[in-house]
Amino acid sequence: MDKFAIHGGNVLRGTVSVSGSKNSSLPILAATLLTRERCVLHRVPDLSDIRYMLDMLRYLGAEVEFADGTVTVEAKKVAWEAPYDLVRRMRASVCVLGPLLARCGRTKVSLPGGCVIGDRPIDLHLRGLEALGSRIVLSKGYVIAEASELVGARIALRGPHGSTVLGTDNVMMAASLARGTTIIEDAASEPEVADLARFLRSMGARIRGEGTGRLEIEGVDALHGAEHTVISDRIEAGTFAVAAAITRGELLLAKAPAEHMGSTISALREAGVSVVEEEGGLRVRACDPLRPFQLRTSTYPGFPTDMQAQFCALAVTVPGRSQIADDIFPTRFMHISELKRMGAHADLLANVAVIDGIPRLSGAPVMASDLRASAALVLAGLQAENTTTVSRVYHIDRGYEQIDAKLRAVGADIARQP
Ligand code: EPZ
């Protein structure tokens with residue numbers, strides 16, 4: 001089981017190239033099931049989550065090729081069941097629910113179950129698909145959905161923690177082939193949802209309102225193949241921005257989607273980090289002293305929950321008291337206990353991390369638990385004295401393309417060990 005050995009203290013300087021978005025690629029790959037024609041996707045990052053999704057498409061009967069960031073999918077025929085042992089490997093697989101229902105008229109998809117960042121219900125997904133006319137039964141850990149015909153409807157997708165990203169994706173994909181018009185109120189407005197909408201439109205779907213909280217989808221009889229280039233990954237870019245900040249260095253984040261990073265950029269500037277938009281990317285520079293900050297996650301365009309752990313790591317190194325709350329996933333704080341093992345002064349009050357900065361973390365053996373918590377531990381290791389060993393780095397490989405190589409290229413002392 002691979003681990004990273006990080007010797008902290010190096011100041012990072014140079015240019016990092018931001019990859020295509022994982023969270024845009026995954027639902028777009030699912031959307032290729034909506035047509036029997038060939039789809040070609042560019043800038044797909046080579047991540048284990050992506051390879052899990054490609055395995056799922058192959059299992060369902062699609063022909064799939066993946067080389068040099070380009071994925072070609074041809075789903076001439078598809079099976080309608082997504083089994084537990086495939087879905088359990090990656091809960092985002094649940095976004096095949098909408099496409100399979102629309103394509104096959106029925107589907108059986110394993111319930112994704114929870115994960116370390118919290119309960120991951122799909123009640124809003126099911127509410128939306130039922131509103132489109134599908135009959136849904138939960139049985140033996142599976143969602144079984146059937147619809148002789150999907151019919152457009154007016155649907156509200158707001159839950160106790162705001163809207164749902166993959167729920168909006170599932171309903172939008174199913175509605176694309178429904179009879180009539182669907183209005184989704186309280187739709188997720190994340191850039192990745194908008195990227196999916198653009199891909200669906202390139203397939204012939206009639207969708208308006210992406211990027212807002214209200215989507216209007218006029219169903220069509222069939223969708224055709226399309227070619228699409230995936231947007232850049234705003235969370236990977238944000239993670240490397242924190243790497244520059246935590247080492248008090250300077251990085252140019254090439255291809256960073258600044259237009260999707262407003263709240264992350266504001267948070268960095270609140271901490272005293274310099275962020276300047278340049279031709280081709282974001283230049284992030286930090287020098288002491290940084291300032292403590294207050295953050296609260298929310299749905300887009302608010303501060304992303306996927307950046308919460310990384311900013312906890314930064315807060316640990318900033319003199320003064322910072323407070324970081326997560327209202328999207330209130331228990332997404334596995335990283336706090338590991339940061340405390342590195343000497344962090346941090347406490348959890350319900351869903352709020354209260355952090356008093358210290359001058360230097362101490363290297364220690366720490367355990368990755370989920371994707372973004374693992375990234376936070378790597379960031380902490382970059383600043384810590386001596387060596388930090390992060391184990392179970394397969395969590396990181398799910399969402400970051402060659403993060404160790406990218407960090408080494410800008411001066412980090414990080415090595416992957418078996
Ligand atoms: C997407 O997950 C992302 N994953 C997550 O990124 C991200 O953290 C999350 O959106 C929030 O931005 C992908 O895009 C593949 P949600 P998703 O449905 O769609 C509750 C990463 O690190 N909820 O928007 O599964 C839910 O419990 C991953 O890259 C319901 O109550 O998240 C949560 O509190 C982790 N009922 C909130 O809504 C539902 O039916 C947001 O969840 C669905 C969700």
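Predicted model: local features only at pLDDT ≥ 70, side-chain atom pairs only at ≥ 80, totals over all residues.
**Exercise 1.** Determine which residues come nearest to the ligand and which elements supply its shell.

*Solution.* Begin with the residues themselves. The ligand has 24 residues around it, of which Asp123, Leu124, Thr164, Asp306 and Ile328 come nearest. Next, sort the shell by residue class: ten residues are nonpolar, six are polar and eight are charged. Then assign the shell to secondary structure. Two or more residues are given by each of α1 (22-31), α5 (123-131), α6 (165-175) and α12 (371-383). The largest share, three residues, comes from α5.

**Exercise 2.** Identify side chains that place a polar atom by an oxygen atom of the ligand, and state how much of the ligand the protein buries.

*Solution.* A pair of N or O atoms counts as a polar contact within 3.5 Å.

- Threonine 164 has a polar side-chain atom 2.7 Å from a ligand oxygen.
- Asparagine 23 has a side-chain N or O atom 3.0 Å from an oxygen of the ligand.
- Arginine 120 has a polar side-chain atom 3.2 Å from a ligand oxygen.

For the burial, start from the ligand taken alone, which exposes 820 Å². The protein buries 91% of that area.

**Exercise 3.** Describe the strand partners of β5 and decide whether the strand is largely enclosed or open.

*Solution.* Consider the partners of β5 first. Strand β3 (residues 38-42) pairs with β5 in the antiparallel sense over four bridges, and cysteine 39 has valine 73 of β5 as its bridge partner. Strand β4 (residues 63-67) also pairs with β5 in the antiparallel sense, over five bridges; here alanine 67 stands opposite threonine 70. The hairpin of β4 and β5 has two residues between the strands, and aspartate 68 in it takes a positive phi near 50°. Finally, examine burial: four of the five residues of β5 (residues 70-74) are buried, so the strand is largely enclosed by the rest of the structure.

**Exercise 4.** Locate leucine 223 and classify it as buried or exposed.

*Solution.* Leucine 223 lies in the loop between β13 (215-218) and β14 (227-229). A residue is buried under 20% relative accessible area. Leucine 223 has a relative accessibility of 6% and therefore counts as buried.

Key
Residues numbered from 1 in each chain as written. Heavy atoms only, no water. Near = heavy atom within 4 Å. Polar contact = N/O pair within 3.5 Å; in protein donor to acceptor, adjacent residues only side chain to side chain. Areas by Shrake-Rupley, 256 points an atom, 1.4 Å probe, with all protein chains shown as cover. Nonpolar A, V, L, I, M, F, W, Y, C, P; charged D, E, K, R; others polar. Buried < 20%, exposed > 50% of the residue type's maximum accessible area, 1.4 Å probe, protein only. Pairing = 2+ DSSP bridges.
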